[in-house]
Amino acid sequence: MKVKLDDYYVRVLINGLVQQHRCYDAETNGQVDSLALRLCDIAEAMKSGRKKKISFEPVEIRVIRHCLIEWRNREIQAEKHGAVDVLNELLIQFTS
């Protein structure tokens with residue numbers, strides 16, 4: 001699946017993956033680590049404000065959705081509505 005993201009959303013996604021790091025079993029944590037590192041490389045190469053189509057494997061999509069949903073749920077409980085809005089927008093990108 002290819003997802004078109006700007007540098008802001010890539011960095012939000014990296015932040016979410018890092019926050020969820022070590023919340024799962026060893027295999028999933030390894031996938032989260034690998035994905036976060038790959039996204040860091042992509043983010044460094046991106047120009048500010050520009051969008052890029054990024055290819056994700058099905059397993060990466062599953063991990064991203066899972067992390068984003070858990071992160072969003074934590075933000076809802078903390079009543080951080082601005083963060084929830086951004087996470088919802090990002091989640092939509094990975095469910096389309």
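Biologist: In this predicted model, how far apart are the mean positions of the positive and negative charges of the protein chain?

Modeller: The protein chain carries 15 positive and 14 negative charges.

Biologist: In what order do the elements of the protein chain run from the N terminus on?

Modeller: The secondary structure of the protein chain consists of four helices and two strands. Read from the N terminus on, these elements follow the order β-α-α-β-α-α.

Biologist: How does the radius of gyration of the protein chain stand against the globule rule, and what is its value?

Modeller: For 96 residues the globule rule gives 12 Å, and the value for the protein chain lies close to that, so the chain is as compact as a globular protein of that length. Along the principal axes, its C-alpha atoms fill a box of roughly 35 × 30 × 25 Å. The radius of gyration itself is 13 Å.

Biologist: How many disulfides does the count come to?

Modeller: A disulfide requires two cysteine sulfur atoms within 2.5 Å. The cysteine sulfur closest to that of cysteine 40 belongs to cysteine 67 and is 14 Å away, which is too far for a bond. By this rule the count of disulfides is zero.

Biologist: Which of the two, cysteine 40 or cysteine 67, counts as buried?

Modeller: Buried means under 20% relative accessible area. Cysteine 40, at 30%, is therefore partly exposed. With a relative accessibility of 2%, the residue that counts as buried is cysteine 67.

Methods:
Residues are numbered from 1 along each chain as its sequence is written. This is a predicted model: local features need pLDDT of at least 70, side-chain atom pairs count only at pLDDT 80 or more; totals for chains, interfaces and linings use all residues. Side-chain values use heavy atoms; hydrogens and water are left out. The radius of gyration is taken over C-alpha atoms; the globule rule is 2.2 Å times the number of residues to the power 0.38. Lys and Arg count as positive and Asp and Glu as negative; His and the chain ends are not counted. The place of a charge is taken as NZ of Lys, CZ of Arg, CG of Asp or CD of Glu. Buried means under 20% relative accessible area, exposed over 50%, partly exposed in between (1.4 Å probe, protein chains only).
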